[in-house]
Amino acid sequence: MIKFILRRLMLGVIVLFGVVVITFVIARVVPSDPAAKWVGPRATPEQIAKATVDLGLDQPVYVQFWKYLAALAQGDLGYSLRTHQPILSELEATIPPTLELVTLSTLAAVIAGIPLGVVSAQKKDQTLDHLSRLFSIGVVSLPTFWIGLVLQLIFFRLLDILPMGGQLSMGIQLTMDVPTVTGFITVDSLLAGNLEVFFDALKHLVLPGFTIAVYPVGLVARMTRSALLEIMNEDYITAARSYGLPETRVVWSYALKNSLGPTATVVALSIGFTLVNTFLTESIFAWPGIGNYIVSAVVGLDYPAIIGVTIFSTISYVILNLAADIIVATDPRVRV
Amino acid sequence: MKSFDEFLLVFKPQWREFQQSLYLFNRNHLQFASLMVVLLLVLIAIFAPWIAPYPTHILEETNVQDKLLAPSTQYWFGTDELGRDMFSRVLYGTRISLVTALIAVFISLCIRIPLGAVAGTLGGFVDEVIMRLTDIFLSFPPLLLSIAIAAFLGPSLQNAIAAIVISWWPWYTRLIRGQAVSIRERQFVRAALSIGTPRSKIIFNHVLPNTIAPVIVQASMDIGGVILTIAALSFLGLGAQAPTPEWGLLISTSRTYFLNAWWYSTFPGLAIIVTVLAFNLIGDGIREVLDPKTRKI
């Protein structure tokens, strides 16, 4: 088991290296002028020339790459071309809001997706099951960014019960004194006992959280359904039924337990997709997270920032993949 | 040169198999409906400039006195901020989305199939290198890579296609390799090898043609995803550029106005959903028909 994890971790390191190489090569092959970006639009040619030397852009590409790797090994992702701030500290500020969204929608996926899958498996080939199958293919076909806009139209413009975007109302944000502990505003405000901030933050979470949750809910429901259907044919389920146990108990406590392995794998993998889905959602809801950060980095061609976010996402993805594999491997029926 | 009878001999059982699959596929009403929707979309894509009620509104022409009008009998989907007919523009967007998706899927197939076939047929070191390379690409979300690549290449529809191709090619290379490995062990390939047929000829004449069927299935399932990705890239400003009426771009521009013009963002979004849903249902249906586990006759 430990050998298996170590082997997967090694592969993860290789993947990460590959990603760094790919993004670095693309960033350098593309004809853009980072030095000119660094000094701004009104710089003199001398300033640009000086910045080129300062940023090490006059050196051969392999030297630049080696320096980048050496810095990366120490956790240094370089400086943003737009703000001149270290990428790492900018990531530290933008990651918690994103994680808050991702956590919420993953919870929603588990809470709503599993029962939906169970019910759909119980009513196999009935109307409810068809609806649920259509739903799970449907959500994969929805453009995330469009759902966000439609929700804004309905709940902000039409009903006016939820805010359009942002993480907190302007007034509350200015007067708020909630110490940062976890970086999740909802958790921090609860810890500080500040209910006003908590409810305001919760209100702002609803629409973006829902937008992101739609996809994993469908995915989890679908996976639960097929895993459960497979297990319902097993002998031990027939045995449980023949003892006269109530069907609800057979399904929910005997069958579901054994279908949770594949479902957990899907949950772990869907967190990775959710993370990237936030890129589109955050820009719609002006959510101050990593998605909004990469979108503005993309618009400003801030390549160190783009590489930084790519590396962070890849690390998360590798870890989640590993987690999924470990969940599968803990099943004694699976030999790794 | 094969005679026509010989051709029929080979082709007939396959044709019968195809007919049977088509029958099974169409027995499901939902799948039959999505097949019809896709046919309709293809027709729209081909004839868009002729069936659009305001063909001049598709690109640059402006008509500012009619700006941001709600849907009416004159403008079915309302008008945009320059007074252009949204119905004509969404209609024309079908052509852009279908064509770009087909190009992206086709090019990535052109990379996937030979690579997978080469890896599977040759084995050894070449196989190892190609498969580890696909492992790397498979280890992170394709949309992220597309965004990064499109950002570096600069915003345009061509670059968005390039970005999608670069990040999508590995997804089925593994599948094709698996096919190739099993075909390599078949008698006719061994026979060809034993009479000294060169490796390259074996790959292209014997292995490749036999991997086509699963590839077609995967390709049909890819199209929906590619259409969504192109729309997402355009939405982020990394794909199509104004005045192209690409659906993602239409939704992106609508963001300035949509709170007072619901139709602006709604109709391009519905167009995306209908198209992607139809392709996904077809893909799902094809898989169910071809998979012996779920095939019910």
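W76(B), F77(B), F87(B), W262(B), W263(B) and F267(B) sit together in one aromatic cluster. This is a predicted model: local features need pLDDT of at least 70, side-chain atom pairs count only at pLDDT 80 or more, and totals for chains, interfaces and linings use all residues. Residues are numbered from 1 along each chain as its sequence is written, chains are lettered from A and ligands numbered from 1 in the order written, and side-chain values use heavy atoms, leaving out hydrogens and water.

Rings of Phe, Tyr and Trp (its six-membered ring) pair if their centres lie within 6.5 Å; planes under 30 degrees apart count as stacked, over 60 as edge-to-face and the rest as tilted. That gives 10 aromatic pairs over all chains. Here are two stacked ones:

| Pair | Centre to centre | Angle between planes |
|---|---|---|
| F145(A) and F235(B) | 4.3 Å | 20 degrees |
| Y257(B) and Y264(B) | 6.0 Å | 15 degrees |

F145(A) and F235(B) are both buried (under 20% relative accessible area with a 1.4 Å probe, protein chains only; exposed is over 50%, partly exposed in between). Y264(B) is buried too, at 1%, while Y257(B) is partly exposed at 29%.

Now the interface. Chain A and chain B bury about 4,000 Å² between them, 80% of it on carbon and sulfur atoms; that is accessible area (1.4 Å probe) lost on being put together, summed over both. In chain A, F145(A), W146(A) and L149(A) lose the most area to chain B, together 15% of what that side buries. The contact (heavy atoms within 4.5 Å) takes 43 residues from chain A and 44 from chain B.

Notes:
Buried area = accessible area lost by both parts, 1.4 Å probe.
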